[in-house]
Amino acid sequence: MVKAYKQEYTYKHPWEIVSSASWRKFADPENKRILSHIREVDTLNHKLDPSCGKLYTTRAITIHAPGPWFIRKIVGQDICHCVESTVVDGQSRSMQLTTRNISLQKFIEVEEKIKYDPHPDNPSGWTICRQETSIQIRPLSALASMAEKVEQRCAERFVQNSAKGREVMERICKYLEAESSGITL
């Protein structure tokens, strides 16, 4: 079984502000309280391809992901390591992030894709964020109903954490807009 969901959110901020906020989301000390499940973020590499003007970045993200007690008992840990691959295309004003877990893959496989593009209704002032997440519990696939419950619980946690991430992004966007106007918050 695979649990998948999609979310869409409109930031009432220009793409340049939202994409800048995405880079700062994990770095701001105030956000550590809100995004307390994120333990560490390290940039592994980044490359600018001058022929097409795209920026490629890979980051390692360590997440505290406590699940149900019986899953922690089977897995033996509640820390998950993920790899986030980001492609920023400044010419088309598009930013896509794909995050996959690299630890715990024997037990759970998660893939999250987030894409930021100018909103079709207001391309210079708003940004549309489309998020797709799929979660698959591996060893429980024989026990479909149990796997479905665990996947549902994981999906609910992802939805909660996504809301926290949007809250952080909104705060950073407001800060960046004030900063670009010469106002200090």
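This is a predicted model: local features need pLDDT of at least 70, side-chain atom pairs count only at pLDDT 80 or more; totals for chains, interfaces and linings use all residues.
Residues are numbered from 1 along each chain as its sequence is written, and side-chain values use heavy atoms, with hydrogens and water left out. Local features need pLDDT of at least 70, side-chain atom pairs count only at pLDDT 80 or more, and totals for chains, interfaces and linings use all residues.

Visitor: How many disulfides does the count come to?

Guide: A disulfide is a pair of cysteine sulfur atoms within 2.5 Å. The closest cysteine sulfur to that of Cys82 belongs to Cys80, at 3.9 Å, which is too far for a bond. By this rule the count is zero.

Visitor: Is Cys82 buried or exposed?

Guide: Buried means under 20% relative accessible area, exposed over 50%, and partly exposed in between (1.4 Å probe, protein chains only). The relative accessibility of Cys82 is 6%, so Cys82 counts as buried.

Visitor: Which residue in β6 stands opposite Thr98?

Guide: Strands are DSSP runs (E, at least two residues), numbered from the N terminus, and two of them pair if DSSP finds at least two bridges between them. Strands β5 (residues 94–101) and β6 (residues 108–118) pair in the antiparallel sense over six bridges. In β6, the residue opposite Thr98 is Lys113.

Visitor: With which side chain does the side chain of Glu84 make a polar contact?

Guide: Glu84 lies in strand β4 (residues 79–89) and is buried, at 4% relative accessible area. A polar contact is a pair of N or O atoms within 3.5 Å; within protein, one must be able to donate a hydrogen and the other to accept it, and residues adjacent in sequence count only if both atoms are side-chain atoms. At 2.7 Å, the partner of Glu84 is the side chain of Arg59.

Notes: Helices (H or I, at least four residues) and strands (E, at least two) are DSSP runs, numbered from the N terminus.
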